[in-house]
Amino acid sequence: MLMSPRRSSRDSFSRRRFVTQALGMTGVVGLLGTHPLAASWLAPTLRQTSTDRVLVVIQLTGGNDGLNTVIPYRDEAYRKARPQIGIPEADVLKLDDDLGLHPACSGLMELIERGKLGIVQGVGYPDPNRSHFESMDLWHTCRHKEQRRREGWLGRYLADVRDQDEADVIGIHLGRDEQPLALASADFQVPSLASIEEFRLRVAKQELLRGILQGTGGAGKEDDQDDLMAFLQAGTSAALSAGQRLDEILGSQHDRGEFPASLLGEKLGIVARLITAGLGTRVYYVTLDGFDTHALQPKVHGALLRQWSEALESMMKYLGKQGMEDQVLVLTFSEFGRRVAENASEGTDHGAAAPLFVAGGGVRAGLISSHPRLDDLEDGDLKHAIDFREIYAAIIEDWFAVESLGILGAKYEKANLFASTR
Amino acid sequence: MTIFDDLDPDWAWEPWEATAEDPWDAAKGAHLARRAGFGPTRSWLAKSTARGLEKTLDELFSDRSAFDARVYQESDQLVGAILGGQDPRQLASWWLRWMSMTPQPLVEKMTLFWHGHFATSAEKVVDVECMYRQNQLLRDGALGSFPYLVQGIAKDPAMLIYLDSAFNRKGRPNENFARELVELFCLGEGHYNEQDVQQLARCFTGWEVRRNRFRFNPYQHDDGEKTIFGKGGIRSGEEAVDEVLRQSTAAQFIVGKLFRSFFADEPAPPPHLLAPLALRFRETGLEIGPLVRRMLSSRLFFSSRVVARKIRSPVELVLGILRALDATVNYRLLADGLERLGQGLFYPPSVKGWEGGRVWINSSTLVGRANLIHALVNEPTTRFGGGGLSSWAGRAGAGELADFLREFVDICFAVSPGAQRIERLLEDAQDSSSGEARYRRLVGMLAALPEIHLC
């Protein structure tokens, strides 16, 4: 079985949720108050700690048409390949003299102008597979189908850094859809949640419960080998505190933020609130389905892009107001792009390389790497210039500061995602 | 050095016997019921306390002929209705109802154990009847012979569909099932090599699923001789399974997994502690029943090293509370709630089944556990012994809130939350509400305490 090496992670990771709270936030009590080490962790030096990093993954399921997302609007070959569904030059949101965004992506434009969004062009992998499942599985596991694929890249990462004694959720899949393989690991299961309500305790008297847990008494065996009870005790206190913090945030009008009433808008709204509530979660995963646009693409694709762009922009704005924009990295990907030439039903078929998007987290803003050439195709598809595992390597090593070899199964060069060495 | 390292195996596996200082009592009965089943009901506990361990075990290990046939018939009718539909989650609701009321809780506990061991998900299999037939196979063999189970699972349509092994052609053997057979079902990692897997896979060529039934296709079977674990002359899949089970590690592997399930999530016991059990298990042809009975009647099982050393699975937690209150609920609500907590019956997360132990617990599942119990207890359709909770408590001779609370703690908690906490909950409940609501709220509060998760 493919396993990554275990690493001790007690040092910086286990204290992250406490640190989150300690960083520039009032009302630090919650989690801190219940932990015996809280006082020492409030030492001034920790205020400078910035290892407190979160990754949000947005999966565009179905194969997003990259060519109509980041558009080579001056390219004759583009016009020729897409007489029906090409985006008119006048409508394109221009990034430079050659490239621009789909008109539904004004949210992304704003992020770029604020220096908060980077677009990595021409991302893919060798011998592209045009099956949704095969390609998605490869993106999730970094393993070919000949190998066994039980663990995802994020699952392996989380298993590596997980602290057994920490009861806070280290990863969350938000949504009622099937849990993505990317989060799977042999050792533990990440929860799937559909709503923020699932984080709020509904018992009659929370204050009483908190009081009881903070007070003395309670079970506990004499021998210190039985730390199961201590684990449960700490976990229950942490859950109560996170719930309380959420209540505060949800209850305060000021913090509510504005999120689009779309499916993704709601999901990212929850993610943003959970992050600011100081939950010790490192990876959030959400999906937006519907990108498999074989027919009558323009309307559907535009609506999906708008949904994604608005939701992403709202989340970044909300995090920005809380001063947490740079603590969060958002990755948006799809299992493949689409064929360069449109089909006969005003749609596009499964393709290969496509752009990928990174936001927040001190990323290099604007266009990263060059657009794949339309006059140099492989079986009618764009060729990739950057392997998606190079993106992962950069995220694992530069963002999370962990060795990527065991997680990715091979050593990949790191894509240059960040503005400065992080 | 862990709590199991310094144990003398001879001491550990001797049958536990009541003494004046360490008598058979309700606490021991409740421990047995929590581990061997889904927790005691009030009346079960009274009966078993009076009967003693031996008779209690006799009943736990009885087959269904010892019980009222009508209970089984009624349950079978329910299944019949569900099989006509297309929803595997209805099957999960049925199973939970059956777990909570079966006269043979140990059989269901073992069936659940094997469901995790031979994990198969309806997510992929889809067909309800396939899932049910596998469930019945696991139930039939729950306390029978392990070879029967493995031979059955090797031909089980749900398993083969789940492992992408519904077709297996000569010349291009599918290694998936062969690999899981040795790695997950029988021996564990590191006790076989790639050569063994490839040879095993050849034995299973021609094993197919057609219209959701197993069939042997002789035209696709590679009838050549195979060598597995150094033994030559093996041809059929059945012979291959037998050869795998002849490995001495098979007994150790299963005993280790049963220990984790019945005794303690952690730490892992040293091999020498389990050696006498594994040896006997092997000598008796891998008969599961006698092994489990020896484990559940041992000194170690009733010792402080084992009591309250496990984290309850979602199923154990919720059914334990419902049984303590003679409660019947909307089982679909229960099944869906348990799935959100990570234990969807017929929907295990992967072919490895449920990891168990601390993995069950995180801040979202802790809140989710308390909320699910709160919701079920306060659901208007929930009945306690057929009626309201306060009248049930009254009939049970625990009409006073304080009596009710203490009895609930005794039945439901493997380790008490302590007098102080109990006192505060009681004070609050007496102050703030009245009648039925008071009882239901109190259960909700108790179920939010950290101690509730131990068993």
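Helices, each of at least four residues, are DSSP runs numbered from the N terminus. With that in hand, welcome to a set of close-up views of a predicted model.

**View 1. Around helix α19 of chain B.** Helix α19(B) covers residues 331-340, and its buried residues are Leu334(B), Ala335(B), Gly337(B), Leu338(B) and Arg340(B). What lies over these buried residues? The cover includes α6, α18 (314-324) and α20 of chain B.

**View 2. Helices α5 and α6 of chain B, side by side.** Here helix α5(B), residues 69-83, packs with helix α6(B), residues 88-101, at an angle of about 170°, and their axes are 10 Å apart. Angles over 145 degrees count as roughly antiparallel, and α5(B) and α6(B) are therefore roughly antiparallel to each other. On the α5(B) side, the contact is made by Ser75(B), Leu78(B), Val79(B) and Ile82(B), while α6(B) brings Gln90(B), Leu91(B), Trp94(B) and Trp98(B). Sorted by class, the residues of this contact between α5(B) and α6(B) are six nonpolar and two polar, with no charged ones. As a reminder when you look along either helix, an α-helix has 3.6 residues a turn, so residues three or four places apart point the same way.

**View 3. A hairpin in chain B.** Strand β1(B), residues 207-210, and strand β2(B), residues 213-216, pair in the antiparallel sense over four bridges. Which residue of β2(B) is the bridge partner of Val209(B)? It is Phe214(B). Two residues sit between the strands of this hairpin, and Arg211(B) takes a positive phi near 50°.

View 4. Thr249(B) has its place in helix α15(B), which spans residues 248-262. Is Thr249(B) buried or partly exposed? A residue counts as buried if 20 or more other C-beta atoms lie within 10 Å of its own, and as exposed if 12 or fewer do. Thr249(B) has 17 other C-beta atoms within 10 Å, so Thr249(B) is partly exposed. Leaving aside neighbours within four places in sequence, Thr249(B) is in contact with Leu187(B), Gly188(B) and His191(B). For a sense of scale, the C-alpha atoms of Thr249(B) and Glu74(B) are separated by 41 Å, the two residues being 175 residues apart along the chain.

**View 5. A three-stranded sheet in chain A.** This open sheet of chain A runs in the order β2-β4-β3, with antiparallel pairing. Its edge strands are β2(A), residues 70-72, and β3(A), residues 93-94, each of which pairs on one side only. Strand β4(A), residues 99-101, joins β3(A) in the antiparallel sense over two bridges. Within β4(A), the bridge partner of Lys94(A) is Gly100(A).

**View 6. Where chain B touches chain A.** In this view, 39 residues of chain B are in contact with 42 residues of chain A. From chain B, α20 (363-378), α23 (419-432) and α24 (435-446) each supply at least two residues of the side that touches chain A. Which of the helices gives the most to this side of chain B? α20(B) does, with nine residues. By class, the side of chain B that touches chain A has 14 nonpolar, 14 polar and eleven charged residues.

**View 7. Confidence along chain A.** Chain A averages a pLDDT of 82, and 82% of the residues score at least 70. Over residues 1-50 of chain A the pLDDT is below 50, and this stretch has 63 contacts in the model beyond near neighbours in sequence. Over residues 220-225 of chain A the pLDDT stays under 50 too, and the model has four contacts for them beyond four places in sequence.

Definitions and conventions: Residues numbered from 1 in each chain as written. Chains lettered and ligands numbered in written order. Predicted model: local features only at pLDDT ≥ 70, side-chain atom pairs only at ≥ 80, totals over all residues. Pairing = 2+ DSSP bridges. Axes fitted to C-alpha atoms, helices over the stretch in contact; angles between N-to-C directions. Parallel < 35°, antiparallel > 145°, perpendicular 65-115°, else oblique. Contact = placed C-beta atoms within 7 Å. Nonpolar A, V, L, I, M, F, W, Y, C, P; charged D, E, K, R; others polar. pLDDT = per-residue confidence, 0-100.
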